[in-house]
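The structure comes before the entries.

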Amino acid sequence: MKIAVLADIHANFAALTAVLADFKNVDKVICCGDMVGYYPDVNEVCDAIRNLTDDVIRGNHDAYIIGAIKADEKKSQIVRVEWTKQLLADQNFSWLKSLPQQLNFVIDDLEILVRHANPWDEEIYLYPDSKYL
């Protein structure tokens, strides 16, 4: 089975379109969140992902927009929380709000846990020298 994994699109529809154009013979698409944040194409990206796959989780930027995670003031300005909320269509806000924090799959006897940042937190990034590994 060939699985494509998308993440951190951040409302950049041109980049998403370029990536999707390279998909060849993909059996399953999983989106690991952060459809919104930074760029202006919030509705185009949300619509495209909604039409592409049901296997989607929210990322920390999506959680900021729906109010599930409170971004500190500096971070909120950088990721453009209020601006994004103004641009986001109601149906896409509702869709983001409906997304789970994680998905679990069993594919070819392999158990897969899909999370945005790490298995226990949506905001802490993991690096090779991370104390969390």
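Entry 1. I began with helix α6 and found that its buried residues (buried: under 20% relative accessible area, 1.4 Å probe, protein chains only) pack against α2 and α3 (60-66). I worked from a predicted model, in which local features need pLDDT of at least 70, side-chain atom pairs count only at pLDDT 80 or more, and totals for chains, interfaces and linings use all residues. Residues are numbered from 1 along each chain as its sequence is written, and side-chain values use heavy atoms, with hydrogens and water left out. Helices are DSSP runs of H or I with at least four residues, and strands are runs of E with at least two, numbered from the N terminus.

Entry 2. I listed the buried residues of α6 as Asn92, Trp95 and Leu96. They lie on the same side of α6, because they cover an arc of only 100 degrees around the axis; the arc is taken from the directions from the helix axis to the C-beta atoms. On the other side of α6, I noted Asp90, Lys97 and Ser98 as exposed, a term for over 50% relative accessible area.

Entry 3. I then examined α2 (residues 42-52) against α6 (residues 90-98): the two pack at about 55 degrees with axes 10 Å apart. This makes α2 oblique to α6. Angles under 35 degrees count as roughly parallel, over 145 as roughly antiparallel, 65 to 115 as roughly perpendicular, and the rest as oblique. Axes are lines fitted to C-alpha atoms, for helices over the stretch in contact, and angles run from 0 to 180 degrees between N-to-C directions. In contact (heavy atoms within 4.5 Å), Asn43, Cys46, Asp47, Ile49 and Arg50 of α2 meet Gln91, Asn92, Trp95 and Leu96 of α6.

Entry 4. I turned to helix α1 (residues 13-21), whose axis comes within 9 Å of that of α2 and crosses it at roughly 30 degrees. The pair α1 and α2 is therefore roughly parallel. I recorded Phe13, Leu16 and Leu20 from α1, and Glu44, Val45, Ala48, Ile49 and Leu52 from α2, as making the contact.

Entry 5. Lastly, I checked backbone angles. Asn25, in the loop between α1 and β2 (28-31), has a positive phi near 50 degrees without being a glycine. Asn25 is exposed, at a relative accessible area of 69%. Asp109, also not a glycine, has a positive phi of about 65 degrees; Asp109 sits in the loop between β3 (103-107) and β4 (110-114) and is exposed at 78% relative accessible area.
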